[in-house]
Amino acid sequence: MSDLELHKYLPKLPEEALQEFTEWCVIEQSRAAGIEFVPDRTKLEKLIPNEYIWQIIDQFMKVKPDPIKAGLVSAMAGQEADSHGLIGSAVMVDFVALYVKYLIPENGNTPEEAKQLIIEAGLQQYEKLSELADKYNVKF
């Protein structure tokens, strides 16, 4: 919905950066959607980044404060992520970033407000990806 196509950048980042971005999305950014997610760290210990990403997303997806909205948003994010043609960790990171982004407009009272909140969430995600790209010496 926003002009930023974050999925184009995900395959350029190392797994460690994707792990950090995923954790930021599900712990920090999801708060804007009213989700207070605390992962079970014992299940994340000693996992390689790929396994960590899949495990933390699995834990996060089990938190559904509004099951109907979560189901609709999940279907929408899944369909969009599938259309991007990514593989491996990148597809899961793309999905969860879209999922969180589309959950955020909880506070939008009109379609215009909701769209603006989605755009702002996408900008925050781009800023975080850019920060991680700098950290891992990746150029977009």
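## Salt bridges and accessibility in a predicted model

The side chains of E5 and K8 are joined by a salt bridge, with 2.6 Å from N to O. The term salt bridge denotes a side-chain nitrogen of Lys or Arg within 4 Å of a carboxyl oxygen of Asp or Glu. By this rule, the count is 7 salt bridges. E5 is partly exposed, as its relative accessible area is 36%; buried means under 20% relative accessible area, exposed means over 50%, and partly exposed lies in between (1.4 Å probe, protein chains only).

This is a predicted model, in which local features need pLDDT of at least 70 and side-chain atom pairs count only at pLDDT 80 or more, whereas totals for chains, interfaces and linings use all residues. Residues are numbered from 1 along each chain as its sequence is written, and side-chain values use heavy atoms, with hydrogens and water left out.

| Pair | N to O distance |
|---|---|
| E5 and K8 | 2.6 Å |
| K135 and E20 | 2.9 Å |
| K128 and E131 | 3.1 Å |

K135 and E20 form a salt bridge whose closest N and O atoms are 2.9 Å apart. This pair links distant parts of the chain, since K135 belongs to helix 5 (residues 111-135) and E20 to helix 1 (residues 15-28), 115 residues apart. Helices (H or I, at least four residues) and strands (E, at least two) are DSSP runs, numbered from the N terminus. K135 counts as exposed because its relative accessibility is 52%, while E20, at 26%, counts as partly exposed.

K128 and E131 both lie in helix 5, 3 residues apart, or about one turn of the helix. K128 counts as buried because its relative accessibility is 16%; E131, at 45%, counts as partly exposed.

Leaving aside residues up to four places away in sequence, K101 touches I118, A121, G122 and Q125, where contact means heavy atoms within 4.5 Å.

Q79 is placed in helix 3 (residues 67-83) and counts as exposed because its relative accessibility is 63%. The C-alpha atoms of Q79 and F95 are separated by 8.8 Å, the two residues being 16 residues apart along the chain.
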